[in-house]
Amino acid sequence: MTTAEPTVRTATNVRTATAVRPRSRKPWTPGQIVLTLLGVAVSAVFVAPIAAALFTSLKSEAEAAEIPPHWLPKVWTAQAWKALWSTGNITNWFVNSLVVSVCVTTVVLVVSALAGYGFARTEFRGKGVLMGIVMSGLMISPAVLGVPLFTTVQQMGMVDTYWGMILPQCAPAAMVYILYKFFQGIPRELEEAAFIDGAGRWRVFFTIVVPLARPSLAAVGIFTFIASWNNFLWPYMVTNNPDLMTMPNGIATVMNSYGIQWAQLMAGGLMAGLPLIVVFVFFQRQIVAGVAHTGLAGQ
């Protein structure tokens, strides 16, 4: 009994050591090395402008305007950031962008979901013609519609208002098509079973279809929010009031009598892009899942 116990302990220790022993890592294949180097190169291309903007924002205005430019500041200073907060109306710009983007995203989600489901599941006279009209919006550049949209907004008295900035951005032909193709991929048997149990069309839509479409709705919402936040042309056309400027329009006014203040411009650009980076970091799974689900369901 006394000799068996050390033997058992020794065997246990050997098994534990074997389990803890790290596995030898396989050497990288040439393909993995090439793909890694390619990924690093592509990442550097995307990160370089952000790094350049950050370093420029930490220079003085005189140093930022030097030609030829140099990457790292000779004297590190946060003067541009302080000046942007003290002289610029950046809080109002941020709030205006947030209000406009959130409202546009909400309206686009509601309109796209209802229109996409209606086209995918209901039959009515003129459906093909109406669908063609909606899809024709994919072939027309928003810049071409700028003048007629501005004329319409002006006649409705919505110049220099939130509604004037929000409503013209709520015609989402691409988003309707994305959700239309997704709804087509949902099995009709799920809805028919709910109809047999006595559920109506609206109840089926909100309790069955919408939960299944969460990934695609999340992707549509995020893409719409980013597009609305970055929209420069339309808010610039429809607003003259400095208190209603959005972030892209407000940052474009960061100038003095000597020209563009590059350090403040870069600091403002980084501040404008920060919410989008946060949105992508927290919702990148929904973006990828939404694109994947849409592709699978849309044939």
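1. Let's start with how α5 and α11 cross: in this predicted model, the crossing of the two helices is right-handed. Helix α5 covers residues 90–121 and helix α11 covers residues 201–212, and their axes come within 12 Å, crossing at roughly 110°. Angles of 65 to 115 degrees count as roughly perpendicular, and α5 and α11 are therefore roughly perpendicular to each other.

2. Which residues make this contact? From α5 come Ala113, Leu114, Tyr117 and Arg121, and they meet Arg201, Trp202, Val204, Phe205 and Val209 of α11. By class, the contact of α5 with α11 has seven nonpolar residues, two charged ones and no polar ones.

3. Do have a look at the peptide bond between Ile67 and Pro68, which is cis, with omega at about 0°. Pro68 sits in the loop that runs between α3 (61–64) and α4 (79–87).

4. Another backbone point is Asp160, where phi is near 60°, a positive value in a residue that is not glycine. Asp160 lies in the loop between α7 (146–155) and α8 (162–166). Is its side of the story buried or exposed? With a relative accessible area of 28%, Asp160 is partly exposed, because buried would mean under 20% and exposed over 50%.

5. On the cysteines, how many disulfides are there? The count comes to zero. A disulfide would need a pair of cysteine sulfur atoms within 2.5 Å. For Cys103, the closest cysteine sulfur is in Cys170, at 8.5 Å, so this pair is too far apart for a bond. Seen from the other end, the sulfur of Cys170 has that of Cys103 as its closest cysteine sulfur, again at 8.5 Å and too far for a bond.

6. Cys103 counts as partly exposed, at 30% relative accessibility, whereas Cys170 is buried, with a relative accessible area of 13%.

7. Finally, some overall figures for the protein. Its secondary structure comes to 15 helices and two strands. Of the 299 residues, 31% are buried. Taking contacts between residues at least 6 apart in sequence, 72% join residues that are at least 24 apart. The contact of α5 with α11 in point 2 is one place to look at in the structure, with Ala113 and Leu114 of α5 among the residues that take part.

Terms used
Residues numbered from 1 in each chain as written. Predicted model: local features only at pLDDT ≥ 70, side-chain atom pairs only at ≥ 80, totals over all residues. Heavy atoms only, no water. Axes fitted to C-alpha atoms, helices over the stretch in contact; angles between N-to-C directions. Helix = DSSP H or I, 4+ residues; strand = E, 2+ residues; numbered from the N terminus. Parallel < 35°, antiparallel > 145°, perpendicular 65-115°, else oblique. Left-handed = near helix turned anticlockwise from the far one by under 90°. Contact = heavy atoms within 4.5 Å. Nonpolar A, V, L, I, M, F, W, Y, C, P; charged D, E, K, R; others polar. Buried < 20%, exposed > 50% of the residue type's maximum accessible area, 1.4 Å probe, protein only.
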